[in-house]
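Colleague: Before I use any of these labels, I would like to hear what each one rests on. Please take me through them one at a time.

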Amino acid sequence: MGASISGAMVDRDEAGSPLKPRLGDIPESCAALVLALLDPPEICKLTRVNRSFHDASSADFIWESKLPSNYTFIVEKVLRDSTLLNLQKKQLYAGLCRPNPFDAGRKEIWLDKNTGGVCLSISSKALTITGIDDRRYWTHISTEESRYPTVAYLQQIWWFQVDGEVEFGFPVGTYSLFFRLQLGKSSKRLGRRVCNSKHIHGWEIKPVRFQLTTSEGQSVESRCYLDNPGNWVLYRVGDFVVQNPNAFTNIKFSLTQIDCTHTKGGLCVDAALIYPTTVAKEISSCS
């Protein structure tokens, strides 16, 4: 009986011989198991193979495995929108891969679309900048070259210090922190990008100092000369490791040049950024 049932389910050619299995014969449940082993970009490519893979690609268990372990915390506590948890996991993943502002728009969080790693951005307005309220030294200028509407622009100062602090429940992993800076003030003239280097001075005399500490006792310090006028550069501050996903990690970081024997100026401060180190490897930096 079993043999006759099995034979009835097999497609045969005109001579009565069984046809070879085709890719389209793969059951949707099997296709889903295959997709679960792949990275998000590979999953999206395979959705074009046939209907089985296309339909299977929407399975919640596939995309929940790609979401970070703390995605519920991100949705409920950071974005404060628990309705997002009602979405299909594929839709939730796509939504979290877009920049999501929080803290009154002064910070953003998103997932790296290739790995699902958690990334953070802290704008200049969320940083503590010495002298920021004195227009003789600093101004906030509008820009189209940032995630944010404005960046902080330094005209001239003796004591240069930028401090930041963030407390967050990161998934387990190693993370890298950067400052996004530019020497010179860029704008558009007749539709073309131009950079005003009028106030750039002092950075070639002494390097700036980067520092990073965490609540777990990790500490990193490095020095680097700022260069490459007219271009935004990601300067690497250092790395930190998260071992306990159930605890908040407090990170303090700074950028200083406090040698008061000379002034320095002509610098745009955009933001501080935190990436998983696996993502950060592809980002050019100054270490």
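Modeller: Helices (H or I, at least four residues) and strands (E, at least two) are DSSP runs, numbered from the N terminus. This is a predicted model, in which local features need pLDDT of at least 70 and side-chain atom pairs count only at pLDDT 80 or more, while totals for chains, interfaces and linings use all residues. Residues are numbered from 1 along each chain as its sequence is written, and side-chain values use heavy atoms, with hydrogens and water left out.

Colleague: Where does that place Ala 104, and why is Ala 104 called exposed?

Modeller: Ala 104 belongs to the loop between β1 and β2. Exposed means over 50% relative accessible area, buried under 20%, and partly exposed in between (1.4 Å probe, protein chains only). Ala 104 has 81% relative accessibility, so the label is exposed.

Colleague: What makes the phi of Ala 104 stand out?

Modeller: Most residues other than glycine have a negative phi. For Ala 104 phi is near 60°, a positive value in a residue other than glycine. Leu 190 is another case, with a positive phi near 55°. Leu 190 sits in the loop between β9 and β10 and is exposed because its relative accessible area is 85%.

Colleague: Which residues of helix α6 are buried, and what do the buried residues of α6 pack against?

Modeller: In α6, residues 71-78, the buried ones are Tyr 71, Phe 73, Ile 74, Val 75 and Val 78. Their packing partners are α5 (60-64), α7 (89-96), β1 (100-102), β2 (107-111), β3 (118-123) and β7 (160-168). Contact here means heavy atoms within 4.5 Å.

Colleague: Why is Ser 124 called buried, and with which residues is Ser 124 in contact?

Modeller: Ser 124, in the loop between β3 and β4, has a relative accessible area of 2% and is therefore buried. Leaving aside neighbours within four places in sequence, the contacts of Ser 124 include His 140, Thr 150, Val 269 and Asp 270.

Colleague: What makes Arg 147 and Glu 108 a salt bridge?

Modeller: A salt bridge is a side-chain nitrogen of Lys or Arg within 4 Å of a carboxyl oxygen of Asp or Glu. Arg 147 and Glu 108 have an N to O distance of 3.1 Å, and the pair is a salt bridge. Arg 147 lies in the loop between β5 (138-142) and β6 and Glu 108 in strand β2, so the pair ties together parts 39 residues apart in sequence. Glu 108 is buried because its relative accessible area is 9%, whereas Arg 147, with 38%, is partly exposed.

Colleague: How many salt bridges does a search of the whole structure find?

Modeller: The search finds 11. Among them is the pair of Glu 144 and Lys 188 at 3.7 Å, N to O. Glu 144 is in the loop between β5 and β6 and Lys 188 in strand β9 (residues 185-189), so this pair ties together parts 44 residues apart in sequence. Both Glu 144 and Lys 188 are exposed.

Asp 259 and Lys 206 meet in a salt bridge at 2.5 Å, N to O. The pair ties together parts 53 residues apart in sequence, because Asp 259 lies in the loop between β14 (249-257) and β15 (267-276) and Lys 206 in the loop between β10 (192-196) and β11 (208-214). Asp 259 has a relative accessible area of 19% and so counts as buried; Lys 206, at 38%, counts as partly exposed.

Colleague: In what order do the five strands of the open sheet stand?

Modeller: The order is β4-β7-β14-β11-β12, with antiparallel pairing. β4 (128-129) and β12 (219-224) stand at the edges because each has a single partner strand, which leaves one side of each without a neighbour in the sheet.

Colleague: How do you know that β11 and β12 pair?

Modeller: Two strands pair if DSSP finds at least two bridges between them. β11 and β12 are joined by six bridges and run antiparallel, and Gln 211 stands opposite Glu 221 in β12.
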